[in-house]
Amino acid sequence: MAKKSTATLYQTLWNSADILRSKMDANEYKDYLLGLIFYKYLSDNLLYFATELLEEKADTLEEAQHTYEEAYKDHDIHDDLVSELNYSYSYILKPELTFTALMQDLDEGAFELDKLGQGFRDIEQSDELFENLFEDIDLHSRRLGPTLQKQSETIQQVMKELNKLDFADYDGDALGDAYEYLIGQFASESGKKAGEFYTPQAVSNLMTHIVMTGRENKRGFTAYDATMGSGSLLLNVKKISQEPQHVRFFGQEINTSTYNLARMNMILHEVGIENQNFNNGNTLEDDWPTEEPTNFDAVLMNPPYSAKWSRSQGFLDDPRFAPYGVLPPKSRADYAFLLHGFYHLKTDGVMAIVLPHGILFRGGAEGTIRQALLENGSIDTVIGLPEKLFFNTGIPTTIVILKKDRQERDILFIDASNDFEKLSSQNKMTEEHVQKVLETYQNREMVEKYSYVASYDEIVENDFNLNIPRYVDTFEPEPEIPLADVSANLEETTKKLQETEKELMTMMNELVGTDEESDQELQTFISQLEKLGGFNE
């Protein structure tokens with residue numbers, strides 16, 4: 001339990017964003033703010049842990065800073081202290097480069113932007129775990145200000161806001177979740193640019209609960225996300241698992257900035273170094289991992305929709321795609337991502353992937369792959385989600401659940417397209433909506449106008465088309481209206497129409513032509529209009 005209000009934590013962190021919001025869009029300033037939060041987190045941890053090692057007492061960061069400075073200068077204990085800090089945390093900061101020391105410089109008017117940059121580099125060079133973590137933070141970007149002085153002032157303003165917090169006052173979950181909250185807020189502000197790094201929490205929760213059903217207590221559980229973004233899907237596994245310290249995480253991300261964000265996110269959520277296995281690379285072009293372990297208990301993916309890929313013929317010999325005899329279209333890599341993830345699934349594992357609805361019914365190579373998966377019984381469940389859930393697209397999407405060890409070839413269809421709460425331009429699934437889908441999945445039950453279990457024979461009859469409306473009938477007939485009501489409404493409408501026509505003719509009769517000829521034409525027109533309107537009847 002956090003020692004202090006998480007609401008205060010959230011608000012202070014969000015206030016820090018206000019300083020940068022007017023200077024650049026959210027997709028850019030997230031790097032500065034999240035990077036500085038991470039730097040302060042590492043610095044605060046280091047100071048308090050050093051104090052504990054020295055068996056000293058420190059109630060504030062300033063006291064811890066003083067203790068650290070004195071010990072660092074002491075030749076008798078310096079080497080042992082540095083060695084122990086490196087062993088326990090895998091990084092070290094010189095006393096003058098801690099966040100607290102830089103704030104002291106700031107208060108004294110002696111702050112130097114380059115000292116902060118040196119602190120970034122020292123952490124990055126401490127261990128492979130931190131390599132290039134701060135490379136997206138350009139402290140001399142003109143977006144921060146046109147001059148070195150203005151750039152420094154902007155960074156100092158953000159640091160002043162962050163300095164109101166002592167991160168030791170919050171437990172790992174609180175701080176990690178606040179970080180995740182910020183990522184979500186940035187995704188909302190960034191719009192389409194955010195699709196590359198964030199899966200809405202409700203969708204993430206649903207997918208994770210599905211892949212972990214009945215395995216929450218498994219020790220040594222392995223989870224893999226080949227398009228991991230900020231890591232939110234993987235981190236939900238940690239939240240749900242009853243053995244969170246023994247979950248091993250594997251992930252790959254093509255965007256270096258997003259890859260770094262995920263690594264920070266993992267550390268802030270206190271995922272052990274030994275449990276982090278991540279790679280910065282192109283999932284489809286360069287299969288990863290290729291060394292043990294290569295298959296996982298759970299595969300979770302929210303890949304970019306209908307992305308382009310090389311589709312070179314050499315992929316027909318790739319074990320990920322070879323069994324299907326065809327390759328997904330070059331302009332739509334949806335099934336390429338799906339087959340990649342499925343390849344890395346354990347025999348008794350569960351996979352959940354979000355993709356556009358087109359993968360359920362498109363023909364050609366995609367139809368061939370879909371048919372093969374259905375014939376093998378690999379597709380277990382299809383869940384239709386509401387539109388406008390994701391920041392990078394307004395289209396409705398579908399979650400496809402796949403398994404390798406199924407004995408049956410039936411499919412559960414769930415139509416959750418109407419399960420949402422409207423929030424301005426976005427839709428949101430509530431906890432109740434998520435629970436409804438989850439219970440339907442776990443019970444594998446048929447609910448009228450909501451879910452249906454289709455036999456393999458039905459799938460074949462539909463030519464392996466998995467379009468949800470073919471199986472879940474959500475049609476609602478229009479309510480019957482009594483004839484007496486229809487008659488009364490018709491009479492009322494006719495009466496209003498007649499009144500309107502009379503008002504029109506009254507106004508027309510007040511018109512006068514500009515000369516005798518035009519007046520005669522006007523009167524003829526009015527006379528014809530009266531006959532059409534039925535006024536002479």
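Visitor: Where is the place of Q498?

Guide: Q498 is in helix α16, which covers residues 483-509. Helices here are DSSP runs of H or I with at least four residues, strands are E runs of at least two, and both are numbered from the N terminus. This is a predicted model, in which local features need pLDDT of at least 70 and side-chain atom pairs need 80 or more, while totals for chains, interfaces and linings use all residues. Residues are numbered from 1 along each chain as its sequence is written, and side-chain values use heavy atoms, with hydrogens and water left out.

The relative accessible area of Q498 is 45%, so Q498 counts as partly exposed (buried is under 20%, exposed over 50%, with a 1.4 Å probe and protein chains only). Q498 and R406 are 92 residues apart along the chain, and their C-alpha atoms are separated by 69 Å.

A17 belongs to helix α1, residues 6-21. Its relative accessibility is 0%, and therefore A17 counts as buried. Leaving aside residues up to four places away in sequence, A17 touches Y29, L33 and F186 (contact means heavy atoms within 4.5 Å). K218 is 201 residues from A17 along the chain, and the two C-alpha atoms are 40 Å apart.

Burial can also be followed through a whole helix. The buried residues of α10 are S232, L233, L234, L235, N236, V237, K238 and I240.

Contacts between helices come next. From α3, the residues L61, E62, Q65 and E69 meet T100, A101 and Q104 of α5.

Aromatic rings form another kind of link. The whole structure holds 16 aromatic pairs (rings of Phe, Tyr and the six-membered ring of Trp with centres within 6.5 Å; planes under 30 degrees apart are stacked, over 60 edge-to-face, the rest tilted). In one of these, Y224 and F296 have ring centres 4.8 Å apart and planes at 25°, so this pair is stacked. Y224 sits in strand β1 (residues 222-225) and F296 in strand β4 (residues 296-301), so the pair ties together parts that are 72 residues apart in sequence. Both Y224 and F296 are buried. Elsewhere, ring pairs link F38, Y39, F120 and F134 into a cluster.

W288 and P289 are joined by a cis peptide bond, with omega of about 0°, and P289 is in the loop between β3 (276-280) and β4. E292 and P293 are joined by a cis peptide bond, with omega of about -10°. P293 likewise lies in the loop between β3 and β4.

For E55, phi is about 55°, and E55 lies in the loop between α2 and α3. With 75% relative accessibility, E55 counts as exposed. For K449, phi is about 65°; K449 is in the loop between α14 (431-443) and β11 (451-454). Its relative accessible area of 31% is why K449 counts as partly exposed.

To return to the request, Q498 is a partly exposed residue of helix α16.
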